[in-house]
Structures are given as structure tokens and as C-alpha cells.
Amino acid sequence: MGKARTFMRYPDGLTKALTLSYDDGVKQDIRMIEILDKYGIKCTFNINGGCFSDEGSTSRRMTKEEVVKLYKNSSHEVATHAYTHPFLEALPTAQAALEVLEDRRKLEELFGGVIRGMAYPYGTYNDDVVNILKLSGIAYSRTTKSTEKFDLPSDWLRLPATCHHNNPRLMELAEKFVSKKVNQHPKLFYLWGHTYEFDDNDNWNVIEEFCQTVANKDDIWYATNIEIYDYVTAYNRLLWAIDMTAVHNPSAISVWVAVSTPNGIDEARTVEIKPGETLTL
């Protein structure tokens with residue numbers, strides 16, 4: 001007897017997700033957030049808690065007060081970027097751990113809640129640094145690697161992006177993502193960079209055009225890094241009957257699944273499995 005095939009769907013049964021990741025807590029983030037909020041797109045901002053500028057400084061970094069005013073109570077995520085932006089793999093283990101933990105502590109003090117995301121300073125790391133992150137309560141950490149693909153990551157602590165916004169194929173990839181029909185595995189477009197680059201290169205039109213292209217699509221979930229991580233984790237915790245006729249959701253959030261017949265995904269139906277629910281399919 002053939003078993004049904006199942007594929008993850010994002011909240012409300014959506015097949016695609018879009019997220020952004022921008023580093024360093026710089027003044028250009030102010031303009032970036034104005035653009036993102038205009039189009040309803042979410043971003044994760046990776047901040048060094050030990051690198052705030054002083055009042056009146058000409059540094060492109062924001063003061064502590066500016067950072068709190070900009071990000072607190074926004075729809076965007078604040079994540080760690082190590083306390084002083086070092087090459088973590090070049091530090092003694094204890095110092096590297098302190099960089100991660102002190103950044104978490106400082107950002108949680110400023111913004112409240114539990115901060116679990118990260119981007120590697122300079123994009124560099126080794127296995128020891130990854131182990132430090134695991135022990136420090138970090139759920140994911142973005143690298144500077146680009147795949148030019150829309151696959152979900154296989155290793156959240158070595159998280160690649162689809163591309164940097166300076167990639168000459170950016171709009172080609174954006175248009176491909178928007179037009180792509182998804183039947184089986186869900187897709188993710190992950191964009192990263194530094195907002196000061198838009199000033200340096202005088203090309204704010206790049207992010208404006210990107211947002212115009214990808215915004216307001218009825219099959220895309222616009223989410224922060226941690227929202228996507230938490231959702232995928234909840235999906236992976238689903239408990240299935242051996243013959244795939246029943247499923248239990250032990251998580252605290254609803255999870256959506258496309259369930260096909262043995263004849264193919266084209267006959268799939270999308271079902272919501274609510275928190276704590278055992279559902280017969």
C-alpha cells in the first residue's frame with residue numbers, strides 16, 4: 001500500500017519564505033528600515049553590543065540610544081554579531097565564548113527577551129567556534145557564503161545566504177524566485193549585506209527595486225531569520241504514524257503540511273496541525 005508524501009508548508013500553507021540579514025548596527029539601517037516597512041519585508045539586524053558609537057561621533061555606527069530607538073518594538077529581529085566584531089576563530093576558546101555570551105547579554109539587556117540568532121563577524125569561523133555557539137544558546141549563525149539557490153539550510157550554524165545584494169544576478173534571482181511554482185519542498189530567498197554599502201556605492205535603488213519585485217506576493221512568507229528557524233524546527237518535531245495516516249504536533253505553534261496521495265503532489269491538500277493536536281489524515 002502506497003504511503004502519502006508530505007512536504008512542509010510555511011504558515012497559512014505558503015510555499016516560499018523571504019528573509020534579509022544586515023550587519024553592524026550602522027546609521028544607514030534607519031533608511032533601510034523605512035524601505036523594508038514600506039514593502040512589508042522583514043530583516044534580521046546583527047549588532048555588536050561593544051561597538052556603539054559615542055554621541056557626536058562621525059562613526060557610521062549608531063549610539064546605544066539610537067539602536068534601541070530604531071529596533072526596539074519593530075517587526076525586525078535583533079541578533080548577535082559578537083561583542084567587538086573579532087575574528088572568532090583566532091581567539092582563545094574562552095575569549096571567543098565571552099564575545100558571544102557578552103553580546104547576547106548586552107543585547108538582551110537592551111531589547112529584552114531571549115536573543116538566539118547570530119551572523120559571524122567577517123563570515124569566518126571553525127568547528128571550535130560552532131561548538132561555542134551550540135553551548136551559548138545560539139540557534140543559527142549566518143556565514144558570508146552565497147548559494148544562488150532557494151534551498152533551506154542543512155546546518156543552521158553554518159547558514160549560507162542566497163546572495164549578497166551586490167550580486168550581479170540579484171534581480172534575475174529575485175524574478176526567478178517570484179515566478180517559481182513550488183510543488184514539493186518549500187523555498188527560501190535569503191539576502192544579506194551591510195546597509196552602509198548602499199551609501200558607499202550610491203545604489204539605494206538596488207534594494208528598492210528588489211523590494212518592489214518581491215513584495216506583496218500571496219505565496220511568500222515575509223519573516224525574520226529566527227521566525228523561519230523556529231517554524232522549521234517545529235515542523236521537524238512533528239511525530240508521524242508509521243503509515244503516515246496520523247500526525248502529532250508537540251510544539252507551541254501551528255504547522256502546515258502538504259499531504260499528497262501516492263499518485264502525486266498535484267493532488268495534495270494542505271492541512272494545519274495545531275499546537276498539541278493529533279490529526280488523522
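**From a loop to the interior**

Reply: Asp 202 is found in the loop between α6 (196–200) and α7. Helices (H or I, at least four residues) and strands (E, at least two) are DSSP runs, numbered from the N terminus. This is a predicted model, so local features need pLDDT of at least 70 and side-chain atom pairs count only at pLDDT 80 or more, while totals for chains, interfaces and linings use all residues. Residues are numbered from 1 along each chain as its sequence is written, and side-chain values use heavy atoms, with hydrogens and water left out.

Asp 202 counts as exposed because its relative accessible area is 67%. Buried means under 20% relative accessible area, exposed over 50%, partly exposed in between (1.4 Å probe, protein chains only). Phi of Asp 202 is near 50°, a positive value in a residue other than glycine.

Asn 216 is in the loop between α7 and β10 (220–222). Its phi is positive too, near 60°, and Asn 216 is not a glycine either. Asn 216 is exposed, because its relative accessibility is 69%.

Now go inside. The largest nonpolar core has 41 residues, and Leu 20, Ile 41, Tyr 71, Phe 189, Ile 207 and Phe 210 touch the most other members. Helix α7 (residues 204–214) gives the most to this core, with six residues. A nonpolar core is a set of buried Ala, Val, Leu, Ile, Met, Phe, Trp, Tyr and Cys residues joined through side-chain atoms within 4.5 Å. Another core, of 31 residues, lies apart from it; its members include Leu 14 and Tyr 235.

Look at Ile 41. Not counting residues up to four places away in sequence, Ile 41 touches Leu 18, Leu 20, Leu 36, His 76, Cys 211, Val 214, Ala 215 and Tyr 222. Contact means heavy atoms within 4.5 Å.

Next comes Val 78, in strand β4 (residues 77–80). Val 78 is buried, because its relative accessible area is 11%. Leaving aside neighbours within four places in sequence, its contacts are Phe 45, Ile 47, Tyr 71, Leu 107, Phe 111 and Ile 115.

The whole structure has 14 aromatic pairs. Rings of Phe, Tyr and Trp (its six-membered ring) pair if their centres lie within 6.5 Å; planes under 30 degrees apart count as stacked, over 60 as edge-to-face and the rest as tilted. Phe 45 and Tyr 71 form a tilted pair, 5.1 Å centre to centre, with 35° between the planes. This pair links distant parts of the chain: Phe 45 is in strand β3 (residues 43–47) and Tyr 71 in helix α2 (residues 64–71), 26 residues apart. Both Phe 45 and Tyr 71 are buried.

Trp 156 and Tyr 229 make an edge-to-face pair, at 5.3 Å centre to centre and 85° between the planes. Trp 156 lies in the loop between β6 (140–146) and β7 (159–161), and Tyr 229 in helix α8 (residues 225–236), 73 residues apart. Trp 156 is buried because its relative accessible area is 15%. Tyr 229 is buried because its relative accessibility is 17%.

Ring pairs also link Phe 150, Phe 177, Phe 189 and Phe 210 into a cluster.
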